[in-house]
Amino acid sequence: MRSSPTRAEVERSLQADRRPAQPAPTTSVPVVELRNVSKVYDGGSIGLDRVSLGVERGEFVFLVGPTGCGKSTCLRLILKELEASDGQVLVSGRKLGEMPRKKVPRLRRNVGVIFQDFKLLPNRTVYANVAYSLEVIGESRQSIRRKVPSILRLVGLSTKLHNYPDELSGGEQQRVSIARAFVNHPPLLLADEPTGNLDPETSIGIMQLIYRINRTGTTVIVATHDREMVDKMRRRVIELESGRVVRDQRSGRYRPDESTSEFAIRLRGELGVGVEGHPN
Ligand SMILES: Nc1ncnc2c1ncn2[C@@H]1O[C@H](COP(=O)(O)OP(=O)(O)O)[C@@H](O)[C@H]1O
Ligand SMILES: [Mg+2]
């Protein structure tokens, strides 16, 4: 067990991890836009109440607030699992309210989703869980054989291809679900309480992985009520309260060129979590 990485190790991992900084968000069409959106459920409870927000390409956004404030409602509207009661939801400039039903599968193929409870198929191996998400969209066997091992390498699960979900730790199961969400490199990734079932050290590993995906240019929206993690991450924060936006803050301390390793090291330091050497 190591207490902290040596300087040389840090330097090495930074070199390996360093990517050119993302270009500044342009003023082109936002990836996600909500225009005065309200959602009232049957029975009258309010999911969202006149919410307006825009998320630009390549952004990393936290959606925060207490249970019941509307985070999941917001993500489900973006997936067109729910229809807005009022206002407009746009994804890549397309109004979801006007999108014909037959276009919805294509929308969902372009949005990766990660959940708190992983939603893996229990009777399929790690490999088969990821492969399944490609089979259902009609990918060729050849492409599946190429893509699945590659994405499982990216999430650090190359040695677990033939294991079943119940043979994995919570962090490893979440890595499988991230692999499944990202195997086709969708331009938008939504995560609903992705670290809700995980301990702090494991959570940092998962956030580091999501950040790495963001660094490839993918727009990321993470819903969470883990305030401490969010404050430490120094990314844009949209806070909801009773379905309304009460804060939309771009942290002044945000460093767009921070590498994923620097990020994890800083986060561990700030959260007081030691480097235990285990990858989840
Ligand atoms: N399917 C549903 N039917 C009725 N009310 C719902 C439904 N889903 C969520 N709500 C209500 O909408 C509000 C927002 O819920 P939700 O978006 O799940 O919040 P969060 O994800 O922030 O915990 C809550 O008052 C909740 O009870
Ligand atoms: Mg929720």
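Student: In which sense do β4 and β5 pair, and over how many bridges?

Tutor: Two strands pair if DSSP finds at least two bridges between them; helices (H or I, at least four residues) and strands (E, at least two) are DSSP runs, numbered from the N terminus. Here strand β4 (residues 86-91) pairs with β5 in the antiparallel sense, over two bridges. K95 in β5 is the bridge partner of L90. The model is predicted: local features need pLDDT of at least 70 and side-chain atom pairs count only at pLDDT 80 or more, while totals for chains, interfaces and linings use all residues. Residues are numbered from 1 along each chain as its sequence is written, and chains are lettered from A and ligands numbered from 1 in the order in which they are written.

Student: What is the order of strands in the open sheet?

Tutor: The open sheet of four strands runs β2-β1-β4-β5, with antiparallel pairing. Its edge strands, β2 (46-55) and β5 (94-95), each pair on one side only. Across β1 (32-40), β2 and β4 lies α2, at about 120° to β1. Contact requires C-beta atoms, placed from the backbone, within 7 Å; axes are lines fitted to C-alpha atoms, for helices over the stretch in contact, and angles run from 0 to 180 degrees between N-to-C directions.

Student: Which residues surround ligand 1?

Tutor: A residue is near a molecule if its C-beta atom, placed from the backbone, lies within 6 Å of it. The residues around ligand 1 include Y41, T67, K71, S72 and T73. Helix α2 (residues 71-78) gives the most to this shell, with three residues.

Student: Is β6 mostly covered or uncovered?

Tutor: A residue is buried if 20 or more other C-beta atoms lie within 10 Å of its own, exposed if 12 or fewer, and partly exposed in between, with C-beta atoms placed from the backbone. Strand β6 (residues 111-115) is mostly covered, four of its five residues being buried. Five bridges join β6 to the parallel strand β7 (residues 188-192), where L189 stands opposite G112.

Note on methods
Two residues are in contact if their C-beta atoms, placed from the backbone, lie within 7 Å.
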